[in-house]
Amino acid sequence: QLQASGGGLVQAGGSLRLSCAASGRFSSINSMGWYRQAPGKQRELVALTISGTSGGSTNYGDSVKGRFTISRDNAKNTVYLQMNTLKPEDTAVYYCNAKVIAWYTEYVYWGPGTLVTVSS
């Protein structure tokens with residue numbers, strides 16, 4: 001299960017921080033991050049942390065590079081998205097996503113979504 005928090009209403013130029021915690025029975029997390037979907041648009045990647053033997057990596061959508069920062073607390077199975085310099089076009093429902101390994105099988109989970117509204 002994924003439990004997200006931190007959405008809300010903010011003025012353009014402001015900041016918000018989203019968090020998402022994964023719970024349940026799994027042995028490891030392959031990736032964890034955020035996607036978003038604005039009205040009338042397709043769901044798109046916001047930011048993703050990918051586990052790896054050399055510390056892993058992060059991917060960002062082009063529209064948020066330099067403004068958003070993703071981080072993960074492995075001890076808490078929680079991912080954070082710090083969103084700075086928010087723009088009205090960042091308004092969307094943000095979905096937490098996690099790919100976990102349980103019983104040698106990868107499972108994909110989506111959180112229920114949290115609304116971020118940026119006013120101009």
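Biologist: Hi! Starting with Asp62: is this residue buried or exposed?

Modeller: Asp62 is exposed, because its relative accessible area is 67%. Exposed means over 50% relative accessible area, buried means under 20%, and partly exposed is in between, using a 1.4 Å probe and protein chains only. Keep in mind that this is a predicted model, where local features need pLDDT of at least 70 and side-chain atom pairs count only at pLDDT 80 or more, while totals for chains, interfaces and linings use all residues. Residues are numbered from 1 along each chain as its sequence is written, and side-chain values use heavy atoms, with hydrogens and water left out.

Biologist: Thanks. Which side chain does Asp62 meet in a salt bridge?

Modeller: That would be Lys65, at 3.1 Å from N to O. A salt bridge here is a side-chain nitrogen of Lys or Arg within 4 Å of a carboxyl oxygen of Asp or Glu.

Biologist: How many salt bridges does the structure hold?

Modeller: Four. Among them is Arg67 with Asp90, at 2.7 Å from N to O. This pair links distant parts of the chain, 23 residues apart: Arg67 is in the loop between strand E6 (57–60) and E7, and Asp90 is in the loop between E8 and E9. Strands, like helices, are DSSP runs numbered from the N terminus; a strand (E) has at least two residues and a helix (H or I) at least four.

Biologist: Are Arg67 and Asp90 buried or exposed?

Modeller: Both Arg67 and Asp90 are buried. Arg36 and Glu44 have their own salt bridge, 2.7 Å from N to O. Arg36 counts as buried because its relative accessible area is 5%, whereas Glu44 is partly exposed at 35%.

Biologist: Switching to disulfides: how many are there?

Modeller: One, taking a disulfide as a pair of cysteine sulfur atoms within 2.5 Å. Cys20 and Cys96 form it, with their sulfur atoms 2.0 Å apart. Cys20 lies in strand E3 (residues 16–22) and Cys96 in strand E9 (residues 92–102), so the pair ties together parts that are 76 residues apart in sequence. Both cysteines are buried.

Biologist: And why is that disulfide left-handed?

Modeller: Because the torsion about the S-S bond of Cys20 and Cys96 is about -90 degrees.

Biologist: What about the core? Which residues touch the most other members?

Modeller: In the largest nonpolar core, which has 26 residues, they are Met32, Trp34, Val46, Phe68, Leu81, Met83 and Tyr94. Such a core is a set of buried Ala, Val, Leu, Ile, Met, Phe, Trp, Tyr and Cys residues joined through side-chain atoms within 4.5 Å. E9 gives the largest share of this core, five residues.

Biologist: What does Phe68 touch?

Modeller: Setting aside residues up to four places away in sequence, its contacts include Arg36, Val46, Asp90 and Tyr94. Contact means heavy atoms within 4.5 Å.

Biologist: Last one: where is Thr49 found, and which side chain does it make a polar contact with?

Modeller: Thr49 is in strand E5 (residues 44–50), and it is buried, with a relative accessible area of 6%. The side chain of Thr49 makes a polar contact with that of Arg72 at 3.0 Å. A polar contact is a pair of N or O atoms within 3.5 Å; within protein, one must be able to donate a hydrogen and the other to accept it, and residues adjacent in sequence count only if both atoms are side-chain atoms.
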